[in-house]
Amino acid sequence: MDGAWTLLEPIPATQSEAPIIQLPVVQTPEELPPDCDAPAALQIQIQPLEEQPPEQPAAEPVETWTPERIEALTRLWEEGVTTAEIGRRIGVTKNAVIGKVHRIGLTPRVITQKPPPRRNVFDFTGPACMWPIGHPGEEEFHFCGEHPMAGKPYCEHHVELAYIKPKEKSEAA
């Protein structure tokens, strides 16, 4: 076997595996001594046990790593697709992909370039203009960062853009 996983057949439950329950000995009203005044509520009626349901047929074993999946794994691995994405595309977990890659001996991938670290858009050394530049979802998103005006969150240039100056009142009669 090439290391493919298969589901095991369910273990059939037999009566020998079922726990044995010891029931206390209960006397019927006829067996009670004549001087015992047991109320009718305490009398127990014994009912026969129900029969066990018939056994279910065994499930067919399912092979996780079909030849088509192995071929897709190999192709996607060589394309440089991440293990999580390979798992999503072929319908297995990331860990299953990693295990299969090791079992079939695919060449380990070496990442030569690390992506540049994302800069912290809130990395300021003091008061800073909080005017957003770009869209928050973009890589180049940041804040202006210039020195803000006193009592305002923006620099002088962005204050002019952000606030509307009130109109002067005319002295008309």
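**Figure 1. Overview of the protein chain in the predicted model.** Residues are numbered from 1 along each chain as its sequence is written, and side-chain values use heavy atoms, with hydrogens and water left out. Because the model is predicted, local features need pLDDT of at least 70 and side-chain atom pairs count only at pLDDT 80 or more, whereas totals for chains, interfaces and linings use all residues. The protein chain has four helices and two strands, which follow the pattern α-α-α-β-β-α when read along the sequence; helices (H or I, at least four residues) and strands (E, at least two) are DSSP runs, numbered from the N terminus. Of the 173 residues of the chain, 17% count as buried, where buried means under 20% relative accessible area, exposed over 50% and partly exposed in between (1.4 Å probe, protein chains only). The protein chain exposes about 15500 Å², of which carbon and sulfur atoms supply 57%; accessible areas come from the Shrake-Rupley method with a 1.4 Å probe, and for residues only the protein chains shown count as cover. Among contacts in the chain with a separation of 6 or more, 41% join residues 24 or more positions apart, a contact being heavy atoms within 4.5 Å.

**Figure 2. The buried and exposed faces of helix α2.** Within α2, which spans residues 83-90, the buried residues are Thr83, Ile86, Gly87 and Ile90. Seen down the axis of α2, these residues fall within an arc of 100 degrees, so they line one face of the helix; the arc is that of the directions from the helix axis to the C-beta atoms. The face turned away from this buried side carries the exposed residues Arg88 and Arg89. Cover for the buried residues of α2 includes α1 (67-79) and α3 (94-104). Just after the helix, Gly91 takes a positive phi of about 85 degrees.

Figure 3. Thr83 counts as buried, at 14% relative accessibility, and, leaving aside its neighbours within four places in sequence, is in contact with Trp77, Lys94, Val97, Ile98 and Arg109.

**Figure 4. Helix α3 and its crossing with α1.** The buried residues of α3 are Val97, Gly99, Lys100 and Val101, and they pack against α1 and α2. The axes of α1 and α3 come within 11 Å and cross at roughly 90 degrees; α1 and α3 are therefore roughly perpendicular to each other. Ile70, Leu73, Thr74 and Trp77 in α1 meet Val97, Lys100, Val101 and Ile104 in α3. Helix α3 is followed by Gly105, whose phi is positive, near 75 degrees.

**Figure 5. Two loop residues, Val92 and Thr107.** Val92 lies in the loop between α2 and α3 and counts as buried at 15% relative accessibility. Thr107, in the loop between α3 and β1 (132-133), is exposed, with a relative accessible area of 61%. The C-alpha atoms of Thr107 and Thr74, 33 residues apart along the chain, are separated by 10.0 Å.

**Figure 6. The nonpolar cores.** A nonpolar core is a set of buried Ala, Val, Leu, Ile, Met, Phe, Trp, Tyr and Cys residues joined through side-chain atoms within 4.5 Å. The largest one has 13 residues, and those with the most contacts inside it are Trp65, Leu73, Ile86, Ile90, Val97 and Val101. The elements that give two or more residues to this core are α1, α2 and α3, with the largest share, five residues, coming from α1. A second, separate core of five residues includes Cys129, Cys144, Tyr154 and Val159.

Methods:
Axes fitted to C-alpha atoms, helices over the stretch in contact; angles between N-to-C directions. Parallel < 35°, antiparallel > 145°, perpendicular 65-115°, else oblique.
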